[in-house]
Amino acid sequence: MTSTQAEIDRSQLGTLSVLAWIGDPEEAHDIPYLLAYTLGDGPKGREAGEAAARGLLEEIGLPIGDVVMDGTLKAATFPVQILLEGNQIALTLPGMNARCTAPDEWVAAADESGQAYFLFATRAWPEAVPGQPVAPETLQAFAGDESVLTSSAHCVLAVRRVQR
């Protein structure tokens, strides 16, 4: 297959992180969310990392903006996959993957619906360091920011389980 696009240098992304949370069940909003973002710590800095994130999303066919793709329709061939084992989420994209631990309520919501709402932010989020807790207000400020939402890719993904 030939492509006229330049190859994306994934090393420019820096650290790829993933964060899982659910909405407020008391407001009937118990959707499992999964957010992928970079820390902006790539070798050429934050701007190059953000450009690499946009290039990656374009390369794999995920539009940036207000379009929500339905990755559940052809889940086996969709370029983004979620695999859940216990509370461990493995996110796979072409040429890269990331892992995180999901809270119990995320796992329950994903088990019930069989899917999760996925966002890949092109804006770096250096404050959300892997392995450190993120306060709900901090998450809301980033993930609810209109400029973050409009510069992210959005899709609904099937949550697959490890077969035993």
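I began with a definition: the radius of gyration is taken over C-alpha atoms, and the globule rule is 2.2 Å times the number of residues to the power 0.38. For 164 residues a compact globule would have a radius of gyration near 15 Å, and I noted that the chain agrees, because its value is 15 Å.

Before going further I wrote down that this is a predicted model, in which local features need pLDDT of at least 70, side-chain atom pairs count only at pLDDT 80 or more, and totals for chains, interfaces and linings use all residues. Residues are numbered from 1 along each chain as its sequence is written, and side-chain values use heavy atoms, with hydrogens and water left out.

**Entry: confidence.** I looked up pLDDT, which is the predictor's confidence in each residue, from 0 to 100. The chain has a mean pLDDT of 90, and 91% of its residues reach 70 or more. Over residues 1-6 I found that pLDDT stays under 50, and for this segment the model has two contacts beyond four places in sequence, where contact means heavy atoms within 4.5 Å.

**Entry: the whole chain.** I listed four helices and eight strands, counted as DSSP runs numbered from the N terminus (helices are H or I with at least four residues, strands are E with at least two). Followed along the sequence, the elements come in the pattern β-β-α-β-β-β-β-α-β-α-α-β. The C-alpha trace spans about 45 × 35 × 30 Å along its principal axes. Of the contacts between residues at least 6 apart in sequence, 69% join residues at least 24 apart.

Entry: Buried residues make up 43% of the 164 residues, where buried means under 20% relative accessible area, exposed means over 50%, and partly exposed lies in between (1.4 Å probe, protein chains only). I also recorded 10 positive and 22 negative side chains, with the centres of the two sets 10 Å apart. Lys and Arg count as positive and Asp and Glu as negative, while His and the chain ends are not counted; the place of a charge is taken as NZ of Lys, CZ of Arg, CG of Asp or CD of Glu.

Entry: I found D9 in the segment before β1 (16-22), and D9 counts as partly exposed because its relative accessibility is 42%. From D9 to E58 the C-alpha distance is 13 Å, although the two are 49 residues apart in sequence. I then turned to E50, which belongs to helix α1 (residues 46-60). Is E50 buried or exposed? E50 is buried, because its relative accessible area is 15%. Leaving out residues up to four places away in sequence, E50 touches T122, R123 and A124.

Entry: I placed G114 in the loop between α2 (104-113) and β7 (115-121), and at a relative accessible area of 31% G114 is partly exposed. Beyond its neighbours within four places in sequence, G114 is in contact with L157, A158 and V159. R160 lies in strand β8 (residues 152-161) and is partly exposed at 40%. Which residues does R160 touch, not counting those up to four places away in sequence? I read off Q81, I82, L83 and L84, and I noted that A75, 85 residues from R160 in sequence, is 9.2 Å from R160, C-alpha to C-alpha.

**Entry: L149.** I located L149 in helix α4 (residues 146-150), where L149 is partly exposed with a relative accessible area of 30%. Not counting residues up to four places away in sequence, L149 touches G65, L119, A143, G144 and H154.
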